Structures are given as structure tokens and as C-alpha cells.
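Trainee: I have a model to read and some terms to learn. Can we go through how each term is applied?

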Amino acid sequence: MAFVDSNLTQLSTGNGFTLWHYSTTDAIATVNTAAYFDNAVKLLGVRDLIIVSDTNTPTMHFCIVLSNNGTTVDVSDGTAIAETDGD
């Protein structure tokens, strides 16, 4: 699949930092490839945090914007958010 603009939501911003949520059916291995977020190049800043929800698996990951040169956006591989319940 490809990046879907309407699935990227700004949750909070302050002091040059923005927290985002992105919902997709794409696996994290697709989302974390360089250029996946290029259509959001004007929105995403370096060090912004994107909470990625893969609704297909389902899993969640924290991805940090590593670079944005005005043309290409690259994000970190993603840190998995554990979804366990000890009950």
C-alpha cells in the first residue's frame, strides 16, 4: 500500500515537537521505509514522534522522524509497543 494523508492525525504540538498518530493496514516494515511519508514532507519535522497503528496485524509502534530534507522523509524502524495483559 501507500501512505494515506487522511490517516495521519496530529495529536499534540509544542516547543518544536509534534506527536502524530498514523493508522494503516501496512506492516511496519513497509511504513518505516525511506520515502513512505514523503507526501507529508511539509508536516513532519525531525524528532517528531509517530504512533503507527497497523490495523491489519494489529500492532503499534513508535517511529521517530530521523530526517526531512524537504523532499524525502525517513523514519526510524519503529519500537514495538507491547500489547500484553497479565490478567
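Trainee: Where is G16 found?

Mentor: G16 lies in the loop between β1 (8–14) and β2. Strands are DSSP runs of E with at least two residues, helices are runs of H or I with at least four, and both are numbered from the N terminus. This is a predicted model, in which local features need pLDDT of at least 70, side-chain atom pairs count only at pLDDT 80 or more, and totals for chains, interfaces and linings use all residues. Residues are numbered from 1 along each chain as its sequence is written, and side-chain values use heavy atoms, with hydrogens and water left out.

Trainee: What makes G16 exposed or buried?

Mentor: Its relative accessible area is 76%. Exposed means over 50%, buried under 20%, and partly exposed in between, with a 1.4 Å probe and protein chains only. G16 is therefore called exposed.

Trainee: How many helices and strands are there, and in what pattern?

Mentor: The protein has one helix and six strands. Along the sequence they read β-β-α-β-β-β-β.

Trainee: Where is D26, and what is the nearest side chain of opposite charge?

Mentor: D26 sits in the loop between β2 (17–24) and α1 (28–31). The nearest side chain of opposite charge is K42, 22 Å away. Asp and Glu count as negative, Lys and Arg as positive, and His and the chain ends are not counted. A salt bridge needs a side-chain nitrogen of Lys or Arg within 4 Å of a carboxyl oxygen of Asp or Glu. D26 is buried and has no salt bridge.

Trainee: What joins the side chains of D26 and Y36?

Mentor: A polar contact of 2.6 Å. The term asks for N or O atoms within 3.5 Å; within protein, one must be able to donate a hydrogen and the other to accept it, and residues adjacent in sequence count only if both atoms are side-chain atoms.

Trainee: What is the largest nonpolar core?

Mentor: It has 17 residues, and L8, Y22, F37, L44 and I50 have the most contacts inside it. Elements giving two or more residues to this core include β3 (49–54) and β4 (59–68). Such a core is a set of buried Ala, Val, Leu, Ile, Met, Phe, Trp, Tyr and Cys residues joined through side-chain atoms within 4.5 Å.

Trainee: How do you know that the size agrees with a compact globule?

Mentor: The radius of gyration is taken over C-alpha atoms, and the globule rule is 2.2 Å times the number of residues to the power 0.38. For 87 residues a compact globule would have a value near 12 Å; the protein has 13 Å, so the two agree.
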